[in-house]
Amino acid sequence: MPMGFAVVPKADHYTVARATVPVCLVDGVALEAERDGLAPVDIGISAGRIETITPSGPVIGPLVDCDGGMVFPCFVDAHTHLDKGHIWPRASNPDGTFPGALNAVMADRAAHWSADDVRARMNFSLQSAYAHGTSAIRTHIDSIPAQVGISWPVLAEMREEWRGRIDLQASSLCSIDTLAEPGFLDQLIKALKAHGGTLGAVTYPTPNLQSGLDLVFKAALDHGLKLDFHVDETLDPSSLTLKVIAQTALRFGWPQSGHGRIIAGHCCSMSVQDDAEIDRTLDLVASAGIAVVSLPMCNMYLQDRTVGRTPRRRGVTLLHEMKALGIPVMVASDNTRDPFYAYGDMDGLEVYRAATRILHFDHPVADWPAAITRTPADACGFTGHGVIKAGAGADLVLFRGRTWTELLSRPESNRTVIRNGRAIDRTLPDYRDLDVLWSRS
């Protein structure tokens, strides 16, 4: 059973010794960062929980010697698509474009997305995420009328099956035009309330945008639902729906409602807008209390793709500018081996490594590691996740890399994952496990 590089004692009390931690991910203790926001610590574990966090020193008793290796809290993945995952073998993207992805998914969903099919692929992704060290996930669930009664009950089953290993949230995914269809919103809200879902939609310039958003905000306030949008996933600078969402949130008094933060994903069009438009939008987003999640791997795959032409514009949104205004910002996996992104493995370290290179999460590193841990935990409401603190569960990822260049230069496939104080079996599921789905196609 692959357990990682470190031997974790089976004792109830032991120390994760000579560890290096990002100070921004530690609460409740004053640590002095030595370089790049890192500090050496010893983490005392007792009965599956973190008991102490102290500067590194002599340790008596059972220990895991990290030899300076970095330790993270388990990852929190705020934007995924577990119901789409791994359909690539039967539904590849013909040209790598957004329309190509959309059409391929629509055809595959209509032909194959039974409860058994969705369950098998969701479970595969959850196995991968767990083995890599993720403890909490929010997934978007395709929620067109014909699919609502299939995928949401499966989501509820998966949440119970994975309880104690991965905390699982879900948000509906359909176009703002679909939500405006007579009677559909009532059907969807019934499913969301039955299965503990978040209300979400895809927004883009459409005559129904404002009326659809008004329906969504009213429904969320009336039924106590959180909101999570796919926003402006395009390089058309005239796509300004993030601004409209923020204006609508302020008009409905959302920041004072106590319903939690609105999350907006993608927001790619901001990368090609002029500074004056960006400033107007970001001021509204900050006032409305919206959190933004960028999906750097998927957006780099889809945006500005034309056969035979090298991409010039990469589609990642303005996280540095947002963060400077106090807007919570995150990065996440997004799609996995489906027509929207042909790659990926639900690995939080892969996401952070890609984001560091694409979005310049370095020079200085500062508190950017929070973008894949504590910030999404706070924004989504995953209490107790994404941070290292005394009293919290001993849910940690131990790496060999001692510095950022060591950590982010290799996949760290030999990492050790500790959950509730015990090292887990990190065996990844085999892609061949899904072959039975393709034989049915």
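**A strand pair and its surroundings**

Modeller: Strand 12 (residues 263-266) and strand 13 (residues 291-294) run parallel and are paired through three bridges. Two strands count as paired if DSSP finds at least two bridges between them. Strands here are DSSP runs of E with at least two residues, helices are runs of H or I with at least four, and both are numbered from the N terminus. The model is predicted, so local features need pLDDT of at least 70 and side-chain atom pairs count only at pLDDT 80 or more, while totals for chains, interfaces and linings use all residues. Residues are numbered from 1 along each chain as its sequence is written, and side-chain values use heavy atoms, with hydrogens and water left out.

Within this pair, Gly265 has Val293 of strand 13 as its bridge partner. Both strands belong to an open, parallel sheet of five strands, in the order 10-11-12-13-14. Strand 10 (199-203) and strand 14 (329-331) form its edges; each has a single partner strand, so one side of each has no neighbour in the sheet. From one strand to the next the twist averages 20 degrees, with axes fitted as lines to C-alpha atoms and angles running from 0 to 180 degrees between N-to-C directions.

His266 also lies in strand 12. This residue counts as buried because its relative accessibility is 1%; buried means under 20% relative accessible area, exposed over 50%, and partly exposed in between, with a 1.4 Å probe and protein chains only. Neighbours within four places in sequence aside, His266 is in contact with His79, His230, Val231, Glu233, Val293, Leu295, Asn299, Thr317 and Asp334, where contact means heavy atoms within 4.5 Å. Between the C-alpha atoms of His266 and Asp378, which are 112 residues apart along the chain, the separation is 19 Å.

Leu199 and Phe229 have the most contacts inside the largest nonpolar core, which has 100 residues. Such a core is a set of buried Ala, Val, Leu, Ile, Met, Phe, Trp, Tyr and Cys residues joined through side-chain atoms within 4.5 Å. Residues up to four places away not counted, the residues that Leu199 touches include Leu185, Leu188, Leu192, Val216 and Leu227. A second, separate core of 22 residues has Ala39, Ile53, Ala394 and Leu396 among its members.

Elsewhere, an open antiparallel sheet has four strands in the order 6-16-17-18. Strand 6 (71-73) and strand 18 (422-423) are its edges, each pairing on one side only. Strand 16 (residues 396-398) and strand 17 (residues 416-419) are joined by three bridges and run antiparallel, and Val397 stands opposite Val417 in strand 17.

At its start, a side-chain oxygen of Asp347 comes to within 3.0 Å of the backbone nitrogen of Leu349. His360 follows helix 11 and has a positive phi, near 60 degrees.

Methods:
A polar contact is a pair of N or O atoms within 3.5 Å; within protein, one must be able to donate a hydrogen and the other to accept it, and residues adjacent in sequence count only if both atoms are side-chain atoms.
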